[in-house]
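Have the sequence and the fold side by side.

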Amino acid sequence: MLSYFSMAKKELKALELISSLRDIYNNVDIKKLSPIYVIYGEEFYIRETASNYLKKIIKKLNGSIERVTFDSKTDINDFINNLNEVSMFSSFKLVIASEFSDLKNEQVEKLVEYLENPSSEVILLLLSYKIDKRKKAVTNILNYGIICNAKHPDKNELQLWIRGFGKERLRTIEPQAIDFLATRYDGDLSRIEKELEKTVLYLNEKTEISRKDIEYTATGVSSCSIFDISPVLAKKDRKQTLQRVQKLLDAGDTPISINSAIMGRIKRLLLGYDILLSKAGDSELAKAVGIPPYYLPEFKLELRNYKREELVKMYRKCMNIDSDLKSAGRNKEDVLVSGVLDLLARRN
């Protein structure tokens with residue numbers, strides 16, 4: 001059964017909310033969870049990131065997850081009755097209910113009755129892209145639990161977000177690189193994080209990211225990113241791997257940078273393999289391989305596709321590919337594709 005703090009309203013900025021959920025995820029403590037979270041605003045990245053952290057926390061605690069989208073026809077009584085019912089297979093659950101601003105006044109009044117006395121076995125996450133503050137009934141929802149206005153960050157907030165993305169990856173970012181990312185991607189948090197992740201993959205062990213690094217790895221809007229290759233390479237999906245390599249080449253990535261990113265990922269997987277053999281916990285693993293704990297489930301899933309000796313051979317192969325790419329003569333794209341085929345086959 002959940003045990004949490006007073007239901008007094010607590011407003012958090014988006015960065016504070018994400019930081020608090022990250023801390024709870026890294027060091028799971030059910031007592032730090034609120035029974036009610038309310039996130040409203042147009043910034044999709046903030047609501048999705050918060051939702052994902054809560055889902056991962058609940059999974060760690062073996063709870064269940066349900067999702068509902070409100071509209072004017074929603075049977076609010078059925079919804080509230082369902083909140084008070086928990087599966088026999090789990091002691092509590094997370095319920096994610098979207099677009100509460102679409103509810104009618106009478107529906108909102110019923111919902112507020114629940115918010116005044118929430119179930120001790122439920123975490124309710126209420127989401128909405130917008131709120132019509134002329135509807136007093138809807139704004140009453142903002143008087144309960146943890147509240148966050150997920151608005152697009154202004155210039156100063158955006159700089160804090162970018163520094164935070166770097167800190168999660170154990171990197172510092174030069175001010176010029178921060179300005180470049182903020183300007184080039186027009187405050188798109190999702191795209192900025194993706195570009196930083198790609199840069200970190202390229203840089204391997206380098207701890208400070210410069211504008212030159214960002215400019216080198218940025219390829220403009222593309223339907224494929226460098227770290228989209230890793231999952232399909234792990235599964236030996238020849239078609240998907242080659243298609244994604246070609247998309248990166250078409251988007252402007254160089255064969256050397258693509259191979260460097262693949263080699264960096266293999267190095268992390270090899271290190272992760274050894275860390276897990278030592279029975280280390282998730283926080284130690286995340287720190288050792290230089291990725292946020294948030295991405296560990298995907299990292300572990302990818303790692304299951306490999307044997308240690310395969311990773312060792314693949315790393316050596318990437319080093320050979322790098323040497324071939326830096327030598328004169330052969331077409332560099334052909335060298336890369338041939339090397340990737342060997343990696344797929346797990347050959348020396």
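Of the 348 residues in the chain, 49% are buried. The model is a predicted one. Its chain holds 16 helices and eight strands. The C-alpha trace spans about 75 × 45 × 35 Å along its principal axes. Take the contacts between residues at least 6 apart in sequence: 78% of them join residues at least 24 apart.

Now turn to a pair of helices. Two packed helices are described by the angle between their axes and the distance between the axes. Helix α15 covers residues 308-326, and helix α16 covers residues 332-345. Their axes come within 10 Å and cross at roughly 170°. An angle over 145 degrees counts as roughly antiparallel, so α15 and α16 are roughly antiparallel to each other. From α15, the contact draws on Met314, Lys317, Cys318, Ile321, Asp324 and Leu325. From α16 come Lys332, Val335, Leu336, Gly339, Val340, Asp342 and Leu343. By type, the residues of this contact are eight nonpolar, one polar and four charged.

Which residues does asparagine 259 touch, beyond its neighbours within four places in sequence? Asparagine 259 sits in helix α12, residues 255-277. Its contacts are Cys318, Ile321, Asp322, Leu325 and Leu336. Cys318, Ile321 and Leu325 belong to the α15 side of the helix pair, and Leu336 to the α16 side. Asparagine 259 has a relative accessibility of 1%. Buried means under 20%, so asparagine 259 counts as buried.

Stay with α15 for glutamate 310, which lies in that helix. Glutamate 310 has 17% relative accessibility and therefore counts as buried.

Lysine 236 is in the loop between α10 (229-234) and α11 (238-251). Is lysine 236 buried, partly exposed or exposed? At 47% relative accessibility, lysine 236 counts as partly exposed. Its backbone deserves a look too. Most residues other than glycine have a negative phi. Lysine 236 has a positive phi, near 60°.

Aspartate 186 also has a positive phi, about 50°, although it is not a glycine. Look for aspartate 186 in the loop between α7 (175-184) and α8 (189-203). Its relative accessibility is 69%. Exposed means over 50%, so aspartate 186 counts as exposed.

Another loop residue is glycine 63. It lies between α2 (44-60) and β3 (64-69). At 18% relative accessibility, glycine 63 counts as buried. Glycine 63 and lysine 93 are 30 residues apart along the chain, yet 5.1 Å separates their C-alpha atoms.

Finish with empty space. Rolling a probe the size of a water molecule over the atoms shows where such space is left. The second largest pocket holds about 290 Å³. It is lined by 15 residues, of which Lys13, Ala14, Asn149, Lys151 and Glu157 are the closest to its centre. Which elements each supply at least two residues of this lining? They are α1 (14-26), β6 (146-149) and α6 (155-168). The lining residues divide into 10 nonpolar, one polar and four charged.

Notes
Residues are numbered from 1 along each chain as its sequence is written. This is a predicted model: local features need pLDDT of at least 70, side-chain atom pairs count only at pLDDT 80 or more; totals for chains, interfaces and linings use all residues. Side-chain values use heavy atoms; hydrogens and water are left out. On a 1 Å grid over the protein atoms alone, a cavity is a set of points where a 1.4 Å probe fits but cannot get out, and a pocket is an open set with protein on both sides within 12 Å along at least five of seven lines; lining residues have an atom within 4 Å of a point. Grid points are joined across faces, edges and corners, and a volume is the space filled by probe spheres set on the points. Helices (H or I, at least four residues) and strands (E, at least two) are DSSP runs, numbered from the N terminus. Ala, Val, Leu, Ile, Met, Phe, Trp, Tyr, Cys and Pro count as nonpolar, Asp, Glu, Lys and Arg as charged, and the others, Gly among them, as polar. Axes are lines fitted to C-alpha atoms, for helices over the stretch in contact, and angles run from 0 to 180 degrees between N-to-C directions. Angles under 35 degrees count as roughly parallel, over 145 as roughly antiparallel, 65 to 115 as roughly perpendicular and the rest as oblique. Contact means heavy atoms within 4.5 Å. Buried means under 20% relative accessible area, exposed over 50%, partly exposed in between (1.4 Å probe, protein chains only).
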